[in-house]
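Please keep the sequence and the three-dimensional view at hand while reading.

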Amino acid sequence: MTQIILGDSEPIESALRRFRRKVSRAGLFSDMKKNRCFETPAEKHKRKEIARHRERRRFRNRRKSY
């Protein structure tokens, strides 16, 4: 669980900014989005396959530039 300790004279805006930064670094938003609704095994396989193709394409383009 992500938590921050508020300083004595720290404004709430800066504390909120620190909290948002910690949450995004911990990856909680992406995890919440991923688990928002049930994903069937077929949908999961399709999503991973698309990500694999995207990664291969990016790697191939990176190798061509050298």
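Glu55 and Arg58 both belong to helix H3, which covers residues 41-64, and they stand three residues apart, about one turn of the helix. Helices here are DSSP runs of H or I with at least four residues, strands are runs of E with at least two, and both are numbered from the N terminus. The side chains of Glu55 and Arg58 form a salt bridge, with the closest N and O atoms 2.5 Å apart. The term salt bridge denotes a side-chain nitrogen of Lys or Arg within 4 Å of a carboxyl oxygen of Asp or Glu.

The model is predicted: local features need pLDDT of at least 70, side-chain atom pairs count only at pLDDT 80 or more, and totals for chains, interfaces and linings use all residues. Residues are numbered from 1 along each chain as its sequence is written, and side-chain values use heavy atoms, with hydrogens and water left out.

**Salt bridges**

Side chains of opposite charge can pair when their charged atoms come close. Across the whole structure, a search finds three salt bridges, listed below.

| Acidic residue | Basic residue | N to O distance |
| Glu10 | Arg18 | 3.1 Å |
| Glu39 | Arg47 | 2.9 Å |
| Glu55 | Arg58 | 2.5 Å |

Relative accessible area describes how far each partner is covered: under 20% is buried, over 50% is exposed, and values in between are partly exposed (1.4 Å probe, protein chains only). Glu10 is partly exposed at 22%, and Arg18 is partly exposed at 28%. Glu39 is likewise partly exposed at 22%, while Arg47, at 38%, is partly exposed. In helix H3, Glu55 is partly exposed at 41% and Arg58 is partly exposed at 46%.

**Overall form and surface**

The protein contains three helices and zero strands, giving the pattern α-α-α along the sequence. Its radius of gyration is 19 Å, whereas a compact globule of 66 residues would have one near 11 Å. This radius is taken over C-alpha atoms, and the globule rule is 2.2 Å times the number of residues to the power 0.38. Along the principal axes, the C-alpha atoms fill a box of roughly 55 × 40 × 15 Å.

Of the 66 residues, 6% count as buried. The protein has 22 positive and 8 negative side chains, where Lys and Arg count as positive, Asp and Glu as negative, and His and the chain ends are not counted.

Notes:
Charge placed at Lys NZ, Arg CZ, Asp CG, Glu CD.
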